[in-house]
Amino acid sequence: FPLAMSREELYSRFVVFTKAMNESKKCLIVYLSAHNKEKKHIIHPYKVFVYNGSWFVLCWNETVNEFGYFKLNRIMSIEITEDLFVPLLKLN
């Protein structure tokens, strides 16, 4: 499948989320919705995965208080915060 972003950018986002997951730190993301609106979310990342050729991050979304996922290519920015989270589930 062709990537929706460069390999370098994909790898960079993967590294950021892996670091946040390993340290149980929250992330502030700016996400471009399907309606092309930028929205900020505080997330607790759990897993980065591929589904149907697209890369996603599975997370607890603190902003809306539910589990969900975000497409990596729609994330405009990622910032690891200093705030820790207690994992609600353990994924391998």
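This is a predicted model: local features need pLDDT of at least 70, side-chain atom pairs count only at pLDDT 80 or more; totals for chains, interfaces and linings use all residues.
Let me begin with a term: a residue is called buried when its relative accessible area is under 20%. Strand 1 covers residues 25-32 and is mostly covered, with six of its eight residues buried.

Strand 1 has a partner in strand 5, residues 75-84; the two run antiparallel and are joined by six bridges. Within that pairing, Lys 25 stands opposite Leu 84 of strand 5. Strand 1 is also joined to strand 2, residues 38-51, again by six bridges and again in an antiparallel arrangement. Here Leu 32 stands opposite Glu 38 of strand 2. Strands 1 and 2 form a hairpin with five residues between them, and in this hairpin Asn 36 takes a positive phi near 60°.

I would like to stay in strand 1 and consider Lys 26, which lies there. Is Lys 26 buried or exposed? Its relative accessibility is 15%, and because the limit for buried is under 20%, Lys 26 counts as buried. Leaving aside neighbours within four places in sequence, Lys 26 is in contact with Ile 42, Ile 43 and His 44, with Glu 62, and with a further group made up of Glu 79, Ile 80, Thr 81, Asp 83, Leu 84 and Phe 85.

Lys 26 forms a salt bridge with Glu 62, and the closest N and O atoms are 2.8 Å apart. Lys 26 is in strand 1 while Glu 62 is in the loop between strand 3 and strand 4 (66-71), so the pair ties together parts that are 36 residues apart in sequence. Glu 62, for its part, is partly exposed, at 30% relative accessibility.

How many salt bridges are there in the model? The count comes to five. Arg 13 counts as buried at 10% relative accessibility, whereas Glu 9 is partly exposed at 33%.

The side chains of Lys 19 and Glu 23 also meet in a salt bridge, 2.8 Å from N to O. Lys 19 is partly exposed at 42% relative accessibility, and Glu 23 is partly exposed at 32%. Salt bridges that share partners join Lys 19, Glu 23, Lys 25 and Glu 82 into one network.

Helix 1, residues 7-22, also contains Phe 14. This residue is partly exposed, with a relative accessibility of 32%. Together with Tyr 11 and Val 15, Phe 14 forms a nonpolar patch on the surface, and the three have about 290 Å² of accessible area together.

Asn 61 counts as buried at 5% relative accessibility. Which residues does Asn 61 contact, leaving aside neighbours within four places in sequence? They are His 41, Ile 42, Ile 43, Glu 66 and Phe 70. With His 41 there is a polar contact between side chains, at 3.1 Å. Met 76, by comparison, is 15 residues from Asn 61 in sequence and 16 Å away in space, C-alpha to C-alpha.

Terms used: Residues are numbered from 1 along each chain as its sequence is written. Side-chain values use heavy atoms; hydrogens and water are left out. Buried means under 20% relative accessible area, exposed over 50%, partly exposed in between (1.4 Å probe, protein chains only). Contact means heavy atoms within 4.5 Å. A polar contact is a pair of N or O atoms within 3.5 Å; within protein, one must be able to donate a hydrogen and the other to accept it, and residues adjacent in sequence count only if both atoms are side-chain atoms. Patches are made of residues with over 30% relative accessible area and no salt bridge: like charges are joined within 9 Å, nonpolar side chains (Val, Leu, Ile, Met, Phe, Trp, Tyr) within 5 Å. Accessible areas come from the Shrake-Rupley method with a 1.4 Å probe; for residues, only the protein chains shown count as cover. A salt bridge is a side-chain nitrogen of Lys or Arg within 4 Å of a carboxyl oxygen of Asp or Glu. Helices (H or I, at least four residues) and strands (E, at least two) are DSSP runs, numbered from the N terminus. Two strands pair if DSSP finds at least two bridges between them.
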